[in-house]
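These are my notebook entries on a structure that I consulted one element at a time.

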Amino acid sequence: AEEKARENVVVLVSGDQILVQGTPVASVSEVMASESLTIPALAEALREQTGRVLQREVLDNVASREVTIMGDKELPYRLLKRVMATCSEADYGQISLAVMQRAPARQAATGATPEGQS
């Protein structure tokens, strides 16, 4: 309870966009059409977040800068590789991956929730 929460930046890769802290920065179709290994718009957005989100002691220590990449299990490896390479280029030393869970098809279609949850 006395330990401060770790500060990190979240990159969300949806079916059609890449978002940094909830703000769209690039379209997946444009990134996939590009030959570049990195994504310039993502790199710029990550650098902007460095001073805004991360604590002062992390700013000078590249190895302790954290970014979490969120996506679903259908995310193409080629796209994930580009996002990870861009995070490294933008001086983030710790990259975590998080998989978004989807509701089962029957549950999503009916809007039902599991028993005991509302």
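Which residues is Ser-27 in contact with, leaving aside its neighbours within four places in sequence? I noted, from this predicted model, that Ser-27 is in contact with Asp-16 and Gln-17 once those neighbours are set aside. I located Ser-27 in strand S3, which covers residues 23–27. I also recorded a polar contact of 3.3 Å between the side chains of Ser-27 and Ser-29.

Next entry: strand S1. I found S1 at residues 9–13, with Val-9, Val-11 and Val-13 on its covered face. Its uncovered face holds Val-10 and Leu-12.

I then looked up the pairing of S1. With strand S2 (residues 17–20), S1 runs antiparallel, and three bridges join the two. I saw that Val-13 stands opposite Ile-18 in S2. Three residues lie between S1 and S2, and the two strands form a hairpin. With strand S4 (residues 66–71), S1 runs parallel, joined by four bridges. For Val-10, I found Thr-68 as the bridge partner in S4.

Last entry: Thr-68, a residue of strand S4. Leaving aside neighbours within four places in sequence, I listed the contacts of Thr-68 as Asn-8, Val-9, Val-10, Val-11, Ser-96 and Ala-98.

How values were computed. Residues are numbered from 1 along each chain as its sequence is written. This is a predicted model: local features need pLDDT of at least 70, side-chain atom pairs count only at pLDDT 80 or more; totals for chains, interfaces and linings use all residues. Side-chain values use heavy atoms; hydrogens and water are left out. Buried means under 20% relative accessible area, exposed over 50%, partly exposed in between (1.4 Å probe, protein chains only). Two strands pair if DSSP finds at least two bridges between them. A polar contact is a pair of N or O atoms within 3.5 Å; within protein, one must be able to donate a hydrogen and the other to accept it, and residues adjacent in sequence count only if both atoms are side-chain atoms. Contact means heavy atoms within 4.5 Å.
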